[in-house]
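Let's take a friendly walk through some helix contacts and a pocket. Please have the model open as you read.

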Amino acid sequence: MKALLQRDDGFAEKPSPMQLEGLDPYVELAETDVPEPGEGQVLIKVKLASVNPADVMFIKGMYGQRRVKGKPAGFEGVGEVVASGGGAHADSLKGRRVAFIATQSGSWADYALTDAAVCIPLRDDIRDADGAAMIVNPLTAYAMFGIVRDEGEKAFIMSAAASQLCKLIARMAADEGYRSIALVRRDDQVDLLKSHGAAHVLNVTAPDFAKQLAVVLKEEKPRIFLDAVTGPVAGQVFAAMGRGARWIVYGRLEGADTVIPEPGQLIFMDKRIEGFWLTQWKRRASPEENAAAAHYVQSRFASGEWATDVTAVIALSEAHARLAGELAKPNGKVFLMPG
């Protein structure tokens, strides 16, 4: 089979920018053996594979998971289960179209190998693009919005708000009467986020951003900051938030140092800085909670309340030439497909 194979093992010795400058240093397109499923595993013929920020960090050796040289990259995708290694659940998936996380052999390939337990059988009315982006962003959106619900405050802040994930959160929040404060970097993203239900949209590059932020924080009093960026602006936002604020970091799109302007607030204002990783959330959640989450996100896609905005679908053979350029475009999702 064809696959984009990792060129290196382990973690990077030095950090590099979060943006992908090109695939050449990190993966190569090559022929490799089709993996064979073991007990409780399934082999999936890939239809589409997502390209997420986590994938970029992973192939660069900056993710919380070690690279394996010569192994296909890619975490997430959609495809048909064509073989089972045995076990009742794995056998039940044969012939089914599933959304999956590739736990054994990556999704940037003709075939992927994974544990049957992490597959989500898809309804017929789910598009392949939505199925291929069903897990990483939607389940993270579901889980992190659950943190907002549990906090009890109707307003919350989110950075990188034009991302696919944040657009899902904004729509879900608006539907349930919550008020998202969306932070973006471009004026043309303001109306986009408002169309997805954001109550406030602030451009962090605007000269009067600090003044706008102060007005909105005084009005809304959010306690949750969902942050995929970090860096100086994130520190500024956290420092401006009130007592009991929680800065929940789930990404690092900004390569600059992250400064905490007022560390004393952690002591005297009961502020907290936390991390969120979907992998850990799924491990801690009960089977019932995981099933409920999968049902919820699939139902929102099927109803049209959520939809995946597609920037490009790129064949594996064109990935080295096109992927970096397509990822640099704002507001949509990029996919890889066999070919």
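This is a predicted model: local features need pLDDT of at least 70, side-chain atom pairs count only at pLDDT 80 or more; totals for chains, interfaces and linings use all residues.

Residues are numbered from 1 along each chain as its sequence is written, and side-chain values use heavy atoms, with hydrogens and water left out.

Helices (H or I, at least four residues) and strands (E, at least two) are DSSP runs numbered from the N terminus. Axes are lines fitted to C-alpha atoms, for helices over the stretch in contact, with angles from 0 to 180 degrees between N-to-C directions.

| Helix pair | Axes come within | Crossing angle |
|---|---|---|
| α7 (209-220) and α8 (231-240) | 10 Å | roughly 35 degrees |
| α4 (136-151) and α5 (164-175) | 9 Å | roughly 45 degrees |
| α4 and α11 (287-303) | 10 Å | roughly 110 degrees |

In the α7 and α8 pair, F209, A210, L213 and L217 of α7 meet V233, Q236, V237 and A240 of α8, contact meaning heavy atoms within 4.5 Å. These residues divide into 7 nonpolar, 1 polar and no charged (Ala, Val, Leu, Ile, Met, Phe, Trp, Tyr, Cys and Pro count as nonpolar, Asp, Glu, Lys and Arg as charged, and the others, Gly among them, as polar).

Turning to α4, this helix passes α5 in a right-handed crossing. The contact involves N137, P138, T140, A141, Y142, M144, F145 and R149 on α4, facing Q164, L165, L168, I169, M172 and A173 on α5. By class there are 10 nonpolar, 3 polar and 1 charged.

With α11, α4 is roughly perpendicular (65 to 115 degrees). Here P138, L139, Y142 and R149 of α4 touch A292, A293, A294, Y296, V297 and F301 of α11.

**A pocket**

The second largest pocket has a volume of about 170 Å³. Its lining consists of I147, R246, I248, E274, G275, F276, W277, Q280, W281 and R284. Of these residues, 5 are nonpolar, 2 polar and 3 charged. The largest share, 3 residues, comes from α10. (A pocket is an open set of points on a 1 Å grid over the protein atoms alone where a 1.4 Å probe fits, with protein on both sides within 12 Å along at least five of seven lines; lining residues have an atom within 4 Å of a point. Volume is the space filled by probe spheres set on the points, which are joined across faces, edges and corners.)

Notes
A crossing is left-handed if the near helix is turned anticlockwise from the far one by less than a right angle, and right-handed if clockwise. Angles under 35 degrees count as roughly parallel, over 145 as roughly antiparallel, 65 to 115 as roughly perpendicular and the rest as oblique.
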